[in-house]
Amino acid sequence: MSSIYGWLSTTNTNGLARAINAQRAADPCLTANAQQVSCLRPATEIAGHGSTVAPCIYQSESLLAMIEGSPRWQDSALAGIAERHGPAQALAEGFQRHGRAVLGRIRGAFACYVSEPGRHYALLANDRFGIRPLAFYARKDLLVFGSQLDHIIAHPGVQTGLDPQAIFDYLYFHMIPSPGSIYAGVSKLQPGEFVEFNDGHIQRDFYWQISYADSQDPEKDLRAQLHDQLTRSVSACAPDRHTGAFLSGGLDSSTVTGVYQTLSSDPIDAFAIGFDAEGYDEMAYARATARHFKVNLHEYYVTPADVLQAIPLIARTYDEPFGNASAIPAYYCARFAREHGMRQLLAGDGGDEIFAGNTRYAKQKLFDLYRHVPLALKSGLIEPVAQITPLLGKVRSYIEQAGITMPARMETYNFLHRTPLADIFTADFLAQVDASAPLASLQRTYDRAGTDDLVKQMLFLDAKITLADNDLRKVNRMCDLAGVGVHYPLLQDNLVEFAASIPSGLLMQRFQLRSFYRKSMAGFLAPETLSKSKHGFGLPFGLWMSADPGLREFADVNLRSMANRGIIHPDYIKTIIKAQQQGHAAYYGVMIWILMMLEQWLVSHNQ
């Protein structure tokens with residue numbers, strides 16, 4: 001992983017020359033003279049096999065540019081500069097020609113920084129899909145920015161502490177969505193966002209977001225175009241003999257694996273994770289894809305002992321609490337690939353969020369039907385009858401949920417909506433947070449979609465919440481930890497923009513998830529893959545905790561410690577432990593995992 005880190009101060013102009021000179025020998029992209037109002041250094045190595053690479057840096061007398069990741073240039077002149085002199089010089093010259101608008105000429109995964117200290121100016125931005133992280137802290141005459149929060153808070157000028165609101169948000173979402181962070185005053189950039197600092201003024205906005213404009217092409221033509229777009233996307237990720245593929249056996253990983261194999265003259269290597277737990281193991285689907293495309297399949301079965309060993313390492317690795325339990329199989333799969341000589345992996349993340357594959361899309365589309373029922377019929381007949389007829393309990397439930405506006409309706413099954421907050425949290429903790437903030441955050445993103453199409457609005461929301469804030473963070477960090485790079489073919493610009501042009505009525509015909517995609521891929525993917533229902537990449541933690549004494553003891557120790565922090569009511573912790581033991585292992589195992597990982601993060605980060 002490459003990282004970006006630095007600071008801009010209007011009162012301290014010393015030190016950068018030494019920092020730049022120290023990096024020049026190791027970084028071929030670093031050029032020109034070092035006279036700047038900023039101090040820079042590469043990030044430190046993380047635990048495990050993970051490593052970091054210094055960002056590409058260019059400096060002239062009046063400008064400093066830094067960029068990391070794998071940027072691609074839409075401007076041919078800038079692409080030529082990047083090829084000859086590196087992406088940082090292309091960024092610098094593009095900024096001199098176009099100002100902030102240079103961001104519209106960059107594609108691919110990147111995070112960047114440009115500064116003109118002579119006029120106390122700085123620009124931060126990350127890529128369109130939030131693949132590369134970037135955060136900052138700004139106070140008076142100091143700007144500190146970085147790819148990792150740990151490096152930002154290490155700066156002596158950063159005055160911060162844990163943000164109670166972020167802890168609440170973590171327990172709500174199982175991660176902390178951008179722009180928030182676990183540290184007060186430290187803000188993460190959202191996908192396609194820029195932050196501009198100009199003589200003490202801060203402007204924050206989006207330089208790009210997906211545009212939904214339905215194609216008028218016939219469905220048959222769109223299906224043919226999909227195959228071309230997939231080939232372009234996988235090709236753009238430049239696979240070579242040291243590149244493997246994640247293979248869960250689902251639509252997306254199978255597609256990436258299959259297209260990659262069509263581009264290779266030799267069998268490619270695919271890596272799959274299994275679980276010896278009923279209802280969780282999908283190795284049979286991975287094997288079906290491997291047979292279908294004749295790829296080399298490497299299988300690894302995660303055990304409870306693996307989970308126990310990885311939890312502390314993973315908690316240390318993330319720079320803020322992160323509760324997606326599938327980080328465990330993602331880490332072991334990436335490590336397994338590295339042990340087999342892979343330097344990078346192709347991941348299938350993104351397909352559900354551009355081609356409408358998440359189960360909640362069909363559910364919300366069903367609820368949305370009630371909105372079209374005439375008001376007189378609803379208030380005069382349906383609702384009164386449902387209230388007085390005991391046999392219509394499901395109808396009453398449907399009416400109640402249908403009456404909740406989007407996107408709040410998508411969160412009705414959230415743990416923090418199923419139990420009164422006063423029963424979960426201590427009074428002192430609740431007094432420090434805004435319980436409505438998570439839904440307000442979802443609403444802001446949902447309203448920004450630029451369309452009133454329900455399916456497209458949900459896709460837009462999930463591009464940020466499910467992908468950028470969650471799944472990409474999971475896969476990126478676990479691949480970093482394992483020491484391999486990762487690319488996302490299904491999040492290449494051409495494919496995302498193509499998917500956005502497909503009418504939602506084709507993406508989901510009635511309530512069938514990914515109907516357009518499944519029809520388009522018939523004859524290419526294995527029949528087992530096409531008929532497979534949505535499953536995911538879950539970890540059977542709740543089931544294993546019931547059966548494995550080591551996991552159960554580890555969870556109990558961490559939950560007892562969490563109960564003493566003044567955040568969660570000790571009685572609530574006792575309640576979920578009891579419920580997990582009495583027949584609700586998988587359901588309550590989720591909240592136990594979330595609390596356990598929060599405690600592990602706090603301990604590993606000396607909080």
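## Exercises on burial and cavities

At 25% relative accessibility, Gln225 counts as partly exposed, because that class lies between buried (under 20% relative accessible area) and exposed (over 50%), computed with a 1.4 Å probe on protein chains only. This is a predicted model, in which local features need pLDDT of at least 70 and side-chain atom pairs count only at pLDDT 80 or more, while totals for chains, interfaces and linings use all residues. Residues are numbered from 1 along each chain as its sequence is written, and side-chain values use heavy atoms, with hydrogens and water left out.

**Exercise 1.** Describe the surroundings of Gln225.

*Solution.* Gln225 is found in helix H6; helices (H or I, at least four residues) and strands (E, at least two) are DSSP runs, numbered from the N terminus.

Step 1: list the contacts (heavy atoms within 4.5 Å). Leaving aside residues up to four places away in sequence, Gln225 touches Asp217 and Phe498.

Step 2: compare sequence with space. Gln225 and Ser520 are 295 residues apart in sequence, with 9.4 Å between their C-alpha atoms.

**Exercise 2.** Why is helix H20 described as largely enclosed by the rest of the structure?

*Solution.* Step 1: find the buried residues. In H20 they are Asp493, Asn494, Leu495, Val496, Phe498, Ala499 and Ala500.

Step 1: draw the conclusion. Seven of the eight residues of H20 (493–500) are buried, so this helix is largely enclosed.

Step 2: look for its partners. The buried residues of H20 pack against several elements, including strand S4 (64–73), strand S5 (106–116) and helix H6 (219–236).

**Exercise 3.** How many cavities of 30 Å³ or more does a search of the whole structure find, and what lines the largest cavity?

*Solution.* Step 1: know the idea. Rolling a probe the size of a water molecule over the atoms shows where empty space is left. A cavity is a set of points, on a 1 Å grid over the protein atoms alone, where a 1.4 Å probe fits but cannot get out; lining residues have an atom within 4 Å of a point.

Step 1: count. The search finds four such cavities. A volume is the space filled by probe spheres set on the points, which are joined across faces, edges and corners.

Step 2: take the largest cavity, with about 400 Å³ of space. Of its 27 lining residues, the closest to the centre are Arg132, Pro133, Ser147, Lys188 and Arg473.

Step 3: sort the lining. It has 13 nonpolar, six polar and eight charged residues. Here Ala, Val, Leu, Ile, Met, Phe, Trp, Tyr, Cys and Pro count as nonpolar, Asp, Glu, Lys and Arg as charged, and the others, Gly among them, as polar.

Notes:
1 Å grid on protein atoms, 1.4 Å probe; cavity = no way out; pocket = protein on both sides within 12 Å on 5 of 7 lines; lining within 4 Å.
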